Amino acid sequence: MKISIIIPVYNVEAYIMDCLQSVVAQTYSKNIECIIVDDCTPDNCCAIIERFIGEYSGNVEFKLLHHNVNRGLSAARNTGIDAATGEYIYFLDSDDEITPDCIE
C-alpha cells in the first residue's frame, strides 16, 4: 500500500528540516512518497529542501513541486493531491512534525 504525504511550504525556514526528518523517521517504510509543494515561499525553504533531498538515501520518494505565484494553502494541497499516486493521502503542515509511528 502506497501512502502520499503532502507538505505545502510557505515561509517555514525555521521548521522545515524537523518536518522532513519526521517523515523519513517513519516506522512504516514500505512505500511512502512525500510531495512537497513550494507555494512561492520567500525564504530559503527550497534550498533547504533541495539539499535534504539530494543528501537523502532511503525508502521515501520525494517530489518537489513549485507554484509560479502564491496561491494559498488549499491550492498547494490540491497541487499535491493531483500529483499523488498513493492509495492514501496524509496532509502534513510544514511547521509540524509527525511521530515515528504516525503513518503505520
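Which residues do ring pairs link into a cluster? They are Phe-52, Tyr-56 and Phe-62. The model is predicted, so local features need pLDDT of at least 70 and side-chain atom pairs count only at pLDDT 80 or more, while totals for chains, interfaces and linings use all residues. Residues are numbered from 1 along each chain as its sequence is written, and side-chain values use heavy atoms, with hydrogens and water left out.

Rings of Phe, Tyr and Trp (its six-membered ring) pair if their centres lie within 6.5 Å, and planes under 30 degrees apart count as stacked, over 60 as edge-to-face and the rest as tilted. By this rule there are three aromatic pairs. In one of them, the ring centres of Phe-52 and Phe-62 are 5.8 Å apart and the planes stand at 85 degrees, so the pair is edge-to-face. This pair links distant parts of the chain, ten residues apart, with Phe-52 in helix H2 (residues 45-55) and Phe-62 in strand S3 (residues 60-66); helices (H or I, at least four residues) and strands (E, at least two) are DSSP runs, numbered from the N terminus.

Phe-62 also pairs with Tyr-56, and because their planes are at 85 degrees, with centres 5.3 Å apart, this pair is edge-to-face. Buried means under 20% relative accessible area, exposed over 50% and partly exposed in between (1.4 Å probe, protein chains only). Phe-52, at 9%, is therefore buried, as is Phe-62 at 14%, whereas Tyr-56, at 22%, is partly exposed.
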